[in-house]
Amino acid sequence: MTTNHTWLRPTRPGQQPRLEYGADYNPEQWPRETWDEDIRAMRTAGVTVVSLAIFSWARLEPVEGTYDFGWLDEIMDLLHAGGISVDLATATASPPPWLTTKHPEILPVDREGRTIWPGGRQQWRPTSPIFREHALRLVRVMAERYGNHPALTAWHVSNELGCHNVYDFSDDAAAAFRVWLQQRYSDLGALNAAWGTSFWSQHYSDWAQILPPRLAATHPNPTQQLDFKRFSSEALRVYLRAERDLLHELTPGVPVTTNFMIMGETKAMDYAAWAADVDFVSNDHYRLPGAQDLDELSFSANLTSGVAGGKPWFLMEHSTSAVNWQPINVAKKPGELARDALTHVAHGADAVCYFQWRQSRAGAEKYHSGMMPHAGADSVLFRDVTALGTTLRELAPISGTGRTPSRAAIVFDWDSWWASEQDSHPSDRLRYKQEALDWYTAFLDLGVRADVLPSHADLSGYDLVVAPILHVVPQPLKQRLEAYVDGGGHLVTTYFSGIVDENDHVYLGGYPGALRDLLGIRIEEFEPLLDGDTAPLDNGTTGTLWTDRIDVTGDGVQVLARYKDGGAAITRRTVGTGSAAYVSTRLAADGLAPVLGDLLERAGVTSELPAELRGRVELAVRGEYWFLVNRTAEPVELTGLDGEFLHGSADRLEPRSVTVLRKA
Ligand code: GLA
Ligand code: GLA
């Protein structure tokens with residue numbers, strides 16, 4: 001899998017490398033007088049780039065085939081004159097009312113057969129030929145009109161593809177699903193075998209009989225469900241490539257991106273695969289309040305870097321303060337605006353952008369913060385925004401520097417995420433992302449950097465790799481993991497790993513199936529725990545959610561911790577200079593920290609941070625630059641660090657702050 005990387009097209013002669021700063025900008029929501037004020041304030045804030053026209057289709061093409069580009073021409077020119085470059089959207093994210101009225105057959109359908117009506121946004125079927133025809137016509141017109149505009153720095157395909165419409169169960173989706181399945185399986189016999197259709201009388205005798213997993217009497221076929229997830233992610237990729245190819249054809253040299261949503265529980269798009277389709281990776285991230293919300297931000301930024309192959313990426317959206325779409329929308333505390341942005345930079349973001357420049361007066365997002373709040377420029381928020389602009393200018397030398405690989409990694413696998421959380425399993429309480437995040441928090445608590453990597457990444461440079469809930473293990477992955485351990489790598493995996501192949505068929509002979517020999521253990525039955533039940537271990541930690549009855553079967557297997565009844569709970573098999581360890585229960589971050597600490601010590605991996613800082617400070621490294629993020633709400637005295645301090649204090653890390661130093 002290749003990851004492309006061209007960065008923004010320069011929009012001025014002699015443009016120096018810099019960290020970009022800006023936001024989505026929606027001038028069409030404001031009277032003309034506001035635009036000049038916007039550009040003045042953007043310059044005050046240090047804005048270098050804005051994303052324009054994301055939801056502008058209905059304004060740009062108010063009637064089919066009739067365009068109104070006057071306002072966009074004018075604002076493009078004004079921005080250019082103001083020294084601000086434009087990441088121009090293709091404007092296809094939300095089809096206009098004339099299109100959905102004329103062609104209601106582009107509207108998505110949910111699994112219960114209900115139409116998703118206009119009134120919100122993104123009301124289009126990813127596989128609709130009619131939608132595509134109209135959207136690509138608009139892309140062509142946009143590319144022809146603005147391809148040579150001096151403000152144009154990149155193309156922004158659609159917006160958050162799949163945010164609301166990834167799962168469409170319409171007849172268009174059914175037809176496209178069949179085509180995708182024919183490509184995957186070639187013949188119906190292979191599909192019947194892969195889907196296990198001997199079960200429940202599901203044997204297909206004609207492709208036309210196959211449907212998306214619509215509302216069914218009971219659990220739909222699991223492989224049908226898994227393939228539909230794969231198909232749905234792929235269908236949007238196909239759409240992304242259609243826009244991209246047209247842009248590449250009409251405006252060669254202008255890089256194309258689209259904003260991913262590597263955040264929280266957004267799981268339907270396999271961004272590890274999508275990264276190959278964009279010229280540079282962009283991501284949107286919003287925090288969800290909770291004990292691990294800052295760790296989750298770091299995890300997502302880290303995974304974005306992993307998806308981008310370690311190269312710099314573009315933070316297309318985050319929020320200056322509150323959002324509007326959570327049940328309760330909490331404002332950011334002092335310091336958090338800069339800390340959150342710089343944590344993304346620490347993990348490779350070379351652009352820091354927000355949704356959106358000016359907080360809306362009307363519409364569903366009027367209570368979503370922006371760079372320019374309702375209160376106006378005379379506000380704490382706008383002063384913080386301006387201060388961050390200054391900081392990003394000071395940190396310009398960092399731009400272009402990729403992340404420095406760590407010695408440890410966490411493997412993140414979309415197939416395993418999708419498959420392990422499907423229905424009709426031993427427990428419906430299992431949460432793939434949460435397990436991965438818990439391991440990440442344990443790394444942070446120990447002060448050890450860990451790269452979060454997609455499962456196709458080369459693991460050979462890492463001393464220790466954790467692959468939590470690696471549920472789907474096709475033969476090539478099995479062989480790669482074995483080779484990794486044979487080569488001296490230390491692999492750690494958990495409950496419900498190695499269980500199924502790519503068709504979601506169980507490996508026979510005992511669990512953990514594909515990883516049984518490598519781990520040197522055998523499990524006959526899973527023992528998930530009921531809510532509230534716990535499984536104390538003899539190392540002082542306590543499991544929840546899951547346990548296994550483990551038989552140690554291989555040579556060189558050591559039991560590192562046992563359940564109360566004496567059964568093995570954590571095992572580690574040494575293989576030459578490498579090892580393969582198994583954690584059979586959910587320990588959460590607190591319980592994982594000592595277990596991981598022990599495994600790291602055995603693997604010879606140590607923290608790069610002075611002992612006093614471990615756990616309280618997150619370290620991220622880009623080349624010679626060290627980013628130290630205060631994970632706490634207390635000040636942290638900085639000791640034992642040398643280098644030139646570029647940002648923040650050299651001796652004290654204030655609460656919710658970041659220090660950047662160039663290592664001596
Ligand atoms: C997404 C969208 C934006 C906006 C923000 C609000 O990221 O791309 O248009 O709706 O959410 O948080
Ligand atoms: C019912 C059905 C069986 C099987 C079991 C599972 O009894 O008749 O086919 O699905 O439930 O518990």
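Start with helix 3, where W71, L72, I75, M76, L79 and H80 are buried. Buried means under 20% relative accessible area, exposed over 50%, and partly exposed in between, with a 1.4 Å probe and protein chains only. Seen down the axis of helix 3, those buried residues fall within an arc of 160°, so they line one face of the helix. The arc is that of the directions from the helix axis to the C-beta atoms. The general rule: an α-helix has 3.6 residues a turn, so residues three or four places apart point the same way.

Some ground rules. This is a predicted model, where local features need pLDDT of at least 70 and side-chain atom pairs count only at pLDDT 80 or more, while totals for chains, interfaces and linings use all residues. Residues are numbered from 1 along each chain as its sequence is written, chains are lettered from A and ligands numbered from 1 in the order in which they are written, and side-chain values use heavy atoms, with hydrogens and water left out. Helices (H or I, at least four residues) and strands (E, at least two) are DSSP runs, numbered from the N terminus.

Back to helix 3. It covers residues 70-81, which is 12 residues. From first C-alpha to last it reaches 17 Å, close to the 16 Å expected at 1.5 Å a residue. That expected span is 1.5 Å times one less than the number of residues.

Now the ligand. What surrounds ligand 1? The shell is F55, R121, N159, E160, D284, Y286, E317, W325, F355, E365 and H368. Near here means that a heavy atom of the residue lies within 4 Å. By class, the shell has four nonpolar, two polar and five charged residues. Ala, Val, Leu, Ile, Met, Phe, Trp, Tyr, Cys and Pro count as nonpolar, Asp, Glu, Lys and Arg as charged, and the others, Gly among them, as polar.

For E317, a side-chain N or O atom is 2.2 Å away. For H368, the figure is 2.7 Å, again from a side-chain N or O atom. For N159, a polar side-chain atom lies at 2.8 Å. Taken alone, ligand 1 exposes 300 Å², and the protein buries 97% of that. Areas come from the Shrake-Rupley method with a 1.4 Å probe; for residues, only the protein chains shown count as cover.

Next, the backbone. Most residues other than glycine have a negative phi, and most peptide bonds are trans. F355, from the ligand shell, is joined to Q356 by a cis peptide bond, with omega about -5°. Q356 sits in the loop between strand 9 (349-354) and helix 12 (380-394). P512 lies between strand 13 (490-494) and helix 16 (516-519), in the loop.

Then positive phi. Q122 has phi near 55° and is in the loop between helix 4 (97-102) and helix 5 (129-146). S186 has about 65°, in the loop between helix 6 (171-185) and helix 7 (188-195). Which is buried or exposed? Q122 is buried, at 5% relative accessibility. S186 is exposed, at 58%.

Last stop: T441, in helix 14 (residues 432-446). T441 is buried, with a relative accessible area of 5%. Its side chain makes a polar contact with that of Q292, at 3.0 Å. A polar contact is a pair of N or O atoms within 3.5 Å; within protein, one must be able to donate a hydrogen and the other to accept it, and residues adjacent in sequence count only if both atoms are side-chain atoms.
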